[in-house]
Each structure stands twice: as structure tokens, then as C-alpha cells.
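Here are a few friendly notes to read alongside the model. Take them in any order you like.

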Amino acid sequence: MIILGIETSCDETAAAVVRDGRFVLSNVIRSQVDLHERYGGVVPELASRRHVTTIVPVIDLALEQAEVGPSQIDAVAVTEGPGLAGSLLVGVNVAKTLAFVWEKPLIPVNHLEGHVYANWLTLPGQEEVQEPSFPLVCLIVSGGHTELVLMRGHGDYILLGRTLDDAAGEAFDKAARLLGLGFPGGPAIQKAAERGRPGRFSLPRAWLGDSYDFSFSGLKTALLRILEQYQRRPPRRVTTRQPFPEYVAPEYGPNVPIADLAAEFQAAVVDVLAEKTARAAREFGATMVLLAGGVAANAALRQRLHELSPVPVRYPAPILCTDNAAMIAGAAYYLAQRGVRADLDLDVQAQLPLVTRTLIQTAVP
Ligand code: KG4
Ligand code: ZN
């Protein structure tokens, strides 16, 4: 079964063609980082406008690179949510149009479920990735979400824990902004941390007792308090015209040990994520641990989980960790097996909860 996937939930315009939920035939991603970096975060209105001008060429290229035409496509899959409403609208409307004109089924995919299914994908020319085995524990860590999930089969999820405030990726992005490291923050912090030493400063780990929930906002504040000790002049005055009012200019003087702070910040995030994931794997008898979402690209998180997990740890290739449409086409294959499809009145679901519209179970043990 060959599926065209479309993803426009945030600031990547993406289309991909995937065979049988496993084999990526093409994976085209147009990042909008150039558009948003000067604001230190994604500006929704700019994102949706850029999707409008980019999506059709991106789909054309995905079909061309996969060497398939519309007649060989069995279904069109699209991210219906969660995400930015205006951005989602672009992808959903293009997908509905193509499904209608080509007379193909339309499959709605939850963005987070897409991230999970990136673990099933093999890129062109890559050694075949083995299918993950159930039950498994999956840590979904992206710019908008942090959720720990027990997956007992396809589409069978139990939510074990989630963030109570900031998502892990959001925490990286905000910390990077405080440290003046640019956007997106995760890769920038990882790079700075390579030159730094964790432990020189002490940042808090929010264990939240025995729960599998997470909290990262206190960590960000703790970082700010340390930075303030280096402050040589007050932060630039924040005006309401600024798109990100919480933005604090990196005006803490030349002596800020950025690399050491980045290293400690990364260690604080990674310690909690890895420890709770490994504990869940033990408690629920998981056969493996999966990482999913943009923060799954983080090398320190991968390494710490390898150290702590009682079972094998798997994560997608870096290009499949951050937003892409191959993961959407991949997840859609397994949804199609279960008969999930949408009508042409499909609407966007900006706040769509984890993980599927039909099979969500939120039993917290
Ligand atoms: O999954 P994703 O591409 O988009 C969302 O669905 O949100 O995740 C983007 C997030 C950003 O917050 C980015 O800073 C973070 O993933 N990220 C990383 C790394 N690469 C991307 N965080 C830590 N380390 C990385 N190497
Ligand atoms: Zn994402």
C-alpha cells in the first residue's frame, strides 16, 4: 500500500511517500527556520502563509522523487492535529482536495502518533529497520508535547504521564533563548553542552514523587536566576509589540559560562526523562523503549537511556525525529489496517489529545 503523507502542523512544510508503513520512498521537508529565527520562535501567521506557497511544490517533489504518479497512490494521509490551527488548515485542505480529485481514501493522523511511527520507518538505502515489538514504552518529546506512553499494540496506548507545564523541546528552546544560543534551541544547547561541564552549576530535577509526569518550567526559572547573577545591565525593556514577551536578551555580560550552563541544563532535562522512561519500562514489562519527537534527536538523551533502560532502546534517524511527513504516511498505513478514514468534511483539531481519535485510553496506574 503506497500512501502520500502531508504534514503542516507547525513550521515544516512536508510531503512524503511511504510503502506499507515501513519503507520511505521520498521524504521532502521545507523548513521555515529562516522565517522564524529572528523572532526566537514560530510566528503562527507567518507559518501558515509560508505553507500556502510551499505545499504544492513540496508534494510535486515528493511524488517525483518516489517515482510514483497519482494512480499509484492508494491513500492520502494528513496531520489533523495537534498543532497550529492556521498551519494545519493548509495541509488538511490540500489533502482533502487531492483525495477528492484523485478519488482516494483520506486518512487523518494525529501528529504525536506520527512521531511514534517514525520508529517503523526505513530510509532509502538504509539497512531495514526491524519492526518494534509490543508491549513497549514510548517517550514522545517534541516542541509542543512531552508524553510517556505504554503501547500494547497498534493504536493501543495508555498514557502514563505528561508534562504539567512546558514541553521538553519548549524548555530547550526557552533556555537557548536565555543563553543567547538561537533557534531552534535543542540542537544549539546540545552543541554548546559538548564544550561544557554539567555539575559546575546545580539546576533542579523535578521528580514529582513516583509519578510519570514531568515539569520543566521551574528549571527554566532556576537558569534565569543564575544568569541574573551575571547581569551587568537590566534586560532590554519588553514591549507589547514584541512577539515573544518572555524574551530576555542575552545581556548578562561576557563572563557567562554558557557551555557549562547548557551542559547542566541538558543534563537536568535528560536525567528526568531517561529515569522515568526506564522505570516505566521495568514496571510495565516493556520489551523495548522507543524515543519519538524532535528531542529524540538529542545525543545525551539517547546515551542516558541506553545506560538506564533494562531493555533495548530505539529511536528514528535524526531526519525522522523532527517534523516530517514520512511518519504521517507511516502511521496512516496502520490506521488504514484498522479501517480509520475521514470524510471530506475533515476539520483541523488544533488541540487533539494523545494519541488517536478513537482509541485513546488515559488510565494512569
Ligand atoms: O517534533 P518537532 O520537530 O516539532 C514538534 O512537534 O514540536 O520538535 C521540535 C523540538 C524543538 O523544540 C527543538 O528544539 C527540539 O525538538 N530538538 C532538540 C534537538 N533537535 C530538535 N532538542 C534537543 N536536542 C536536539 N538535538
Ligand atoms: Zn512534531
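Which domains does the lining of the largest pocket draw at least three residues from?

1. The lining draws at least three residues from each of domain 1 (2–126 + 318–337) and domain 2 (136–314), with bounds taken from an automatic or database domain assignment. Please keep in mind that this is a predicted model, where local features need pLDDT of at least 70, side-chain atom pairs count only at pLDDT 80 or more, and totals for chains, interfaces and linings use all residues. Residues are numbered from 1 along each chain as its sequence is written, chains are lettered from A and ligands numbered from 1 in the order in which they are written, and side-chain values use heavy atoms, with hydrogens and water left out.

2. The largest pocket holds about 1,300 Å³ of space. A pocket here is an open set of points on a 1 Å grid over the protein atoms alone, where a 1.4 Å probe fits, with protein on both sides within 12 Å along at least five of seven lines; lining residues have an atom within 4 Å of a point. There are 49 lining residues, and Cys10, Ser142, Gly143, Gly144 and Asp173 lie nearest the centre.

3. Helix H5 (168–178) is among the elements that supply at least two residues of this lining, and H5 gives the most, with six. Helices (H or I, at least four residues) and strands (E, at least two) are DSSP runs, numbered from the N terminus.

4. Now to the zinc ion (ligand 2): its protein donors are His111 (NE2), His115 (NE2) and Asp323 (OD), 2.0 to 2.1 Å away. Donors are N, O and S atoms within 2.8 Å of the metal (3.2 Å for Na, K and Ca); water is not among the atoms, so the site may look incomplete. His111 and Asp323 are both buried, meaning under 20% relative accessible area with a 1.4 Å probe and protein chains only, while exposed means over 50%.

5. Two peptide bonds deserve a look. Gly81 and Pro82 are joined by a cis bond with omega about -10°, and the bond from Phe183 to Pro184 is also cis, with omega near -5°. Pro184 sits in the loop between H5 and H6.

6. Finally, Glu67 has a positive phi, near 55°, and is exposed at 69% relative accessible area. Glu103 likewise has phi near 55° and is exposed at 71%.

Notes
Grid points are joined across faces, edges and corners, and a volume is the space filled by probe spheres set on the points.
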